Amino acid sequence: MVTLNTVPPSISCCSSSSGFDAGPPVPVPKVGFFKLPRSNGGNHAKLSLVQATEESTVATTNGRVAAVSGENAHQMATNGKAGNIVWHKSSVDKVHRQELLQQKGCIIWITGLSGSGKSTLACALCHALYSKGKLTYILDGDNVRHGLNRDLTFKAEDRAENIRRIGEVAKLFVDAGIICIVSVISPYRRDRDACRALLPDGDFIEVFMDVPIEICEARDPKGLYKLARAGKIKGFTGIDDPYEPPLNCELALPPKGNSCASPCEMAETVISYLEEKGYLHA
């Protein structure tokens, strides 16, 4: 049984002096109370405050009550382990956000061996784009493992999950109209390709730091190669775990002879690509 106490419905957002067309009136969500099953030790049913939209229906799963809008009720889906879920669209979408930022959201996925300069390029690129008034965010492989992916190891299956999560988060940044710079070894081709498949064609820009392992190991900024060679780190990419280089990346940045281009030079190469493809304009 459902009892709804509604508030005055339907106010509209009118056009302002800024010239922004707010579109059709936006109804105020109605507030109601659903009567939930009694608890074992109580005599009174608990009331739970929820929001319900016009023509809402009620779905109950495992004793929990959820409000689903009438127009979306037929779009119930199961995704992975989650069932009875509905995608909720906003009237402000990616196009609006890109117009606001005057840029187009995309992923710049920087891949390569440890010590190849991924994070260095990411920071240089972020700084260069910031100086141009463009909004970016870096998802660095080590940084992400401090929080979101702190529960993952470096086993093959956890590495795959690590990349999957990063790809999904990067996709959200793209939807926000932000240029998301991902710097992560991502050694397996199938995992990078799966992230590419999350986005429309062109929005995933793979940048391969094509630096030989000899140069990376000579740099060894974190001392990891030394530990791997001593057998203190197992499954280290390039030593006893494979790195699969991209086959069709958008950009490859190899060294020039015995030296590598400066971070600023590499950043300018990536920016030139973004300008050519129209990502620095809405």
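## Aromatic rings and their partners

Phe236 is buried, with 8% relative accessibility (buried means under 20% relative accessible area, exposed over 50% and partly exposed in between, using a 1.4 Å probe and protein chains only). Keep in mind that this is a predicted model: local features need pLDDT of at least 70, side-chain atom pairs count only at pLDDT 80 or more, and totals for chains, interfaces and linings use all residues. Residues are numbered from 1 along each chain as its sequence is written, and side-chain values use heavy atoms, leaving out hydrogens and water.

Rings of Phe, Tyr and Trp (its six-membered ring) pair if their centres lie within 6.5 Å; planes under 30 degrees apart are stacked, over 60 edge-to-face, and the rest tilted. That rule gives 4 aromatic pairs. Two of them are in the table, including the stacked Phe208 and Tyr243.

| Pair | Type | Centre to centre | Angle between planes |
|---|---|---|---|
| Phe208 and Tyr243 | stacked | 6.1 Å | 15° |
| Tyr225 and Phe236 | edge-to-face | 5.0 Å | 80° |

Tyr225 sits in helix 7, while Phe236 is in the loop between helix 7 and strand 12, 11 residues apart (helices, H or I with at least four residues, and strands, E with at least two, are DSSP runs numbered from the N terminus). Tyr225 counts as buried because its relative accessibility is 1%.

Then there are the charges: Arg145 lies over the face of Phe154, 3.9 Å from the ring centre. For this, NZ of Lys or CZ of Arg has to be within 6 Å of the ring centre and within 35 degrees of the ring normal. Arg190 likewise has its charged end over the ring of Tyr188, 5.1 Å from the centre.
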